[in-house]
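Here is a short briefing to read alongside the sequence and the 3D view. Keep both open, and look for each residue as it comes up.

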Amino acid sequence: MAAGIQNSNRSRIRNHFKHMREAMEPLLAKQLSGQISDRILDWEIYRSAEKIYFYYPLGNEVSLLPVILHALSDKKCIAFPKVHGSQMSFYEVGGLDELAEGCFHVMEPVSAGRAPADWPQALCFVPGTVFDRMGGRFGYGRGYYDRYFAERTDCRLAGCAYAFQITDPLPLGQWDRGMDYLICENGIVDFSQRIV
C-alpha cells in the first residue's frame, strides 16, 4: 500500500513538471537552452572532459546542441544513448548524421556493427522531468538512466534542467541515482564532493 502511494506521488510530481515544460514557448526553451549551453562551454569540467555522454533533446527538453557541436569540433569523443528493450547503452558517434529516430521518437545512434561505448569516468549530461536541490532526479519513469549508471558509479552525472524544474526534496527510492552536478540557466551546482 505504501509503495503504491509513493509511486502515485512520484508520477504526479513527474507529470506536473513535464506538463510545465511542454507548456513553454519554444522560443523561451531555445533561449534558456542557449544560456545553459554557454555555462557548460565555460565550465572547466566540460572543457577538460575527453569522453562525454550526451542526449538528443526531445520537445522542450534542455537542448545542448551548441555544446555537442563544439565537442565534435574539439575532437572530443561523444556518445548517445540507445534503448534495447528495458536496457540502454551508449554508442560513440562522429557526427549528428549518425543518429536516427528510435524509441519514443528520440534520436538515437545507428548501432549496427558497433560495440557500445563503456567509458569510465566519462562526463554524462542527463535529462529529466524534475530535479531537487540536493541532486535528486526523476526521469520519465522507465529507469533507463538509473539502471545504466547503477554499475558505473565512476561516471560524472550532470543533470540539465530549467530553473523551474528544480524543486524541494523529491521522494527518492534507493535505486534513484543522484547527480554529481546540476546545471540550469542560473548556474552550476557541484554535489560531487558530498559525503554519502
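In strand S6 (residues 123–126), both faces are covered: Leu123 and Phe125 on one side, and Cys124 and Val126 on the other, are all buried. "Buried" means under 20% relative accessible area, "exposed" means over 50%, and "partly exposed" lies in between (1.4 Å probe, protein chains only). Helices (H or I, at least four residues) and strands (E, at least two) are DSSP runs, numbered from the N terminus. In a regular strand the side chains alternate between the two faces of the sheet.

This is a predicted model, in which local features need pLDDT of at least 70 and side-chain atom pairs count only at pLDDT 80 or more, while totals for chains, interfaces and linings use all residues. Residues are numbered from 1 along each chain as its sequence is written, and side-chain values use heavy atoms, with hydrogens and water left out.

**The partners of S6**

- Strand S1 (residues 51–53) runs parallel to S6, and two bridges join them; two strands pair if DSSP finds at least two bridges between them.
- Ile52 is the residue that stands opposite Leu123 in S6.
- S6 also runs parallel to strand S9 (residues 156–160), and here four bridges join the two.
- Phe125 has Ala158 in S9 as its bridge partner.

**A three-strand sheet**

- Another place to look is an open sheet of three strands, with the order S8-S7-S10 and mixed pairing.
- Its edge strands are S8 (137–138) and S10 (166–167), each of which pairs on one side only.
- Strand S7 (residues 130–132) pairs with S8 in the antiparallel sense, over two bridges.
- Val130 has Phe138 in S8 as its bridge partner.

**The nonpolar cores**

- The largest nonpolar core has 52 residues, and those that touch the most other members are Tyr46, Tyr53, Phe54, Leu64, Phe90, Phe125 and Phe149.
- Helix H2 (residues 26–41) gives the most to this core, with five residues.
- Apart from this core lies another, of five residues, including Ile13, Val130, Phe138 and Leu170.
- The term "nonpolar core" stands for a set of buried Ala, Val, Leu, Ile, Met, Phe, Trp, Tyr and Cys residues joined through side-chain atoms within 4.5 Å.
- Which residues is Leu64 in contact with, leaving aside its neighbours within four places in sequence? They are Ile36, Ser37, Ile40, Phe54, Tyr55, Phe125 and Cys160, where contact means heavy atoms within 4.5 Å.

**Pocket and cavity**

- On a 1 Å grid over the protein atoms alone, a cavity is a set of points where a 1.4 Å probe fits but cannot get out, and a pocket is an open set with protein on both sides within 12 Å along at least five of seven lines; lining residues have an atom within 4 Å of a point.
- The largest pocket holds about 760 Å³ of space, where a volume is the space filled by probe spheres set on the points, and grid points are joined across faces, edges and corners.
- Its lining has 34 residues, and Gly139, Tyr140, Gly141, Arg142 and Tyr144 lie nearest the centre.
- Helix H1 (2–22), strand S2 (77–84), S8 and helix H5 (144–150) are the elements that give two or more residues to this lining, and H1 gives the most, with seven.
- The structure holds one cavity of 30 Å³ or more, and about 40 Å³ of space lies in the largest cavity.
- Arg21, Tyr55, Glu61, Val62, Pro127, Gly128, Tyr140, Cys160 and Gln165 line the largest cavity.

- Phe104 is in the loop between strand S4 (99–101) and strand S5 (107–109), and is partly exposed, with a relative accessible area of 40%.
- Not counting residues up to four places away in sequence, Phe104 touches Leu58, Arg142 and Tyr144.
- Most residues other than glycine have a negative phi.
- His105 has a positive phi, near 65 degrees; this residue lies in the loop between S4 and S5 and counts as exposed at 58% relative accessibility.
- Gln121 has a positive phi of about 65 degrees although it is not a glycine; it lies in the loop between S5 and S6 and counts as exposed, at 54% relative accessibility.
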